[in-house]
Amino acid sequence: MPLDIIIGAQWGDEGKGRITDLLAQQAHIVARYSGGDNAGHTVAVGHETFKLHLIPSGIVHDGVLCVIGNGTVINPVVFLREIDGLAARGVDVSPARLKISRHAHLITPAHIALDKAAESALGKDAIGTTQRGIGPAYTDKANRTGLRAGLLANPEALGDAVLAHVEAKNEWLVKIHGAEALDGQAIAAEFAHYAQRIAPYLADTSVLLDEALQAGQSVLAEGAQGTLLDIDHGTYPFVTSSSPTAGGALTGLGLGPKVVGKVFGVAKAFSSRVGSGPFVTELQGEAAVRLRGTGANPWDEYGTTTGRPRRVGWLDLVVLRHAVRVNSLTDLVLTKLDILSGLPEIPVCVAYELDGQRLDHFPPEPELLERCQPIYETLPGWQEDVTGVRHLADLPANALNYIAFVAAHTRTAVSMASVGPEREQVAV
Ligand code: IMP
């Protein structure tokens, strides 16, 4: 059985948690491969809503093993808070069900302080990070000065390493940013306490996943963030510090391409983004409120992690073609199709115009993107309520036409569409 990968095809927040939740029902293992608690997944099960940032959303399925892979960065406080919250609601979060790679990196209070200080120093040029310490933790990883999760199994080395880490970061915090120094001893003591609880979850997850695949089990790689937030293939520097693309899924889990089955790209039926950076099809005013919602519903376009209103715009097929290429997407999944119901017509961006030239490929450089104008084709809308549809073929003709248009312009099958916030509101 293969490794199937779920990728965000836009700027994150595409509704990947929902799709992961659906596909997890057939998976033996669900594994996170990149990012940390900058992600936010809302999973609705019956009347219960679970908001998860770090723990794979497969955890709500009995019998599914969850893995947090080596490509992730883990804030121990968030990890413990999430497992305690899940346990309080009757979810089994024992080490038998949840494994953390010994090679994942730890996020410390010093990383968070540095993230905040660096953002505030950038002023109006800030990236708009989630301020969870993600960038500084990956910086340490690339700089070969990071703290790996495996240290949690070695209390003595952990104490020394955390102390040295905080002292080094204090130099930056105080001398460069004029911020307050952190108390290294206190943080080391906190980490000693976390270690006792987290050590039983540590494993060599690359070996575990390989053995599972060889034994015929199926593994679902749960994406966080999205293709345009990828450090290489996104709108750099307005990106996250990891590789949320298909290549990142492999390095982030310690597996090679031979095991890959399907690569699902999840995209909203329109576009949204939180944080700064170029956004060619962005809408303002009334048109934006129509897509974003007013915030009255939990599914309106407000960030799960930060609560910020998301920037919204029409669907951008230049972006989706970029995602298809860099991830080798085998399937597209469109989410929130129901939000488009009732519009008389729906513009879709098919290409960009830059200095009088038509561009069919996405130029990830912000300075070029800022100058690109969308070239729209306008499709007829549908007035029918689609929230009860469970088979794609039963969608109204104009909704099917919209999906066929996306498939044709991306040369990728659209194999699912979500039509409402509930778990079962998916048309396949
Ligand atoms: P960071 O990952 O906190 O460093 O933030 C870098 C950029 O990625 C910012 O624009 C964030 O808003 C964005 N970002 C990070 N994680 C997510 C996510 O899960 N969904 C949407 N945007 C995200």
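At what angle do the axes of helix H2 (residues 76-88) and helix H6 (residues 184-198) cross? In this predicted model, the two axes cross at roughly 45 degrees and come within 10 Å. Helix H2 is therefore oblique to H6, and the crossing of the pair is left-handed. On the H2 side, the contact is formed by Pro76, Val77, Phe79, Leu80, Ile83 and Asp84, while H6 contributes Phe191, Tyr194, Arg197 and Ile198. Classified by residue type, this contact between H2 and H6 comprises eight nonpolar and two charged residues, with no polar ones.

The largest nonpolar core contains 74 residues, among which Leu320, Leu340, Tyr352, Leu395 and Tyr402 touch the most other members. Strand E15 (residues 345-354) supplies the largest share of this core, namely seven residues. For Leu340, when neighbours within four places in sequence are set aside, the contacts are with Ala269, Phe270, Arg290, Leu291, Ile346, Trp382 and Tyr402.

Helix H5 (residues 155-176) includes Ala168. The relative accessibility of Ala168 is 38%, and this residue therefore counts as partly exposed. Ala168 and Asn70 lie 98 residues apart along the chain, and a distance of 24 Å separates their C-alpha atoms.

Definitions and conventions: Residues are numbered from 1 along each chain as its sequence is written. This is a predicted model: local features need pLDDT of at least 70, side-chain atom pairs count only at pLDDT 80 or more; totals for chains, interfaces and linings use all residues. Side-chain values use heavy atoms; hydrogens and water are left out. Axes are lines fitted to C-alpha atoms, for helices over the stretch in contact, and angles run from 0 to 180 degrees between N-to-C directions. Helices (H or I, at least four residues) and strands (E, at least two) are DSSP runs, numbered from the N terminus. Angles under 35 degrees count as roughly parallel, over 145 as roughly antiparallel, 65 to 115 as roughly perpendicular and the rest as oblique. A crossing is left-handed if the near helix is turned anticlockwise from the far one by less than a right angle, and right-handed if clockwise. Contact means heavy atoms within 4.5 Å. Ala, Val, Leu, Ile, Met, Phe, Trp, Tyr, Cys and Pro count as nonpolar, Asp, Glu, Lys and Arg as charged, and the others, Gly among them, as polar. Buried means under 20% relative accessible area, exposed over 50%, partly exposed in between (1.4 Å probe, protein chains only). A nonpolar core is a set of buried Ala, Val, Leu, Ile, Met, Phe, Trp, Tyr and Cys residues joined through side-chain atoms within 4.5 Å.
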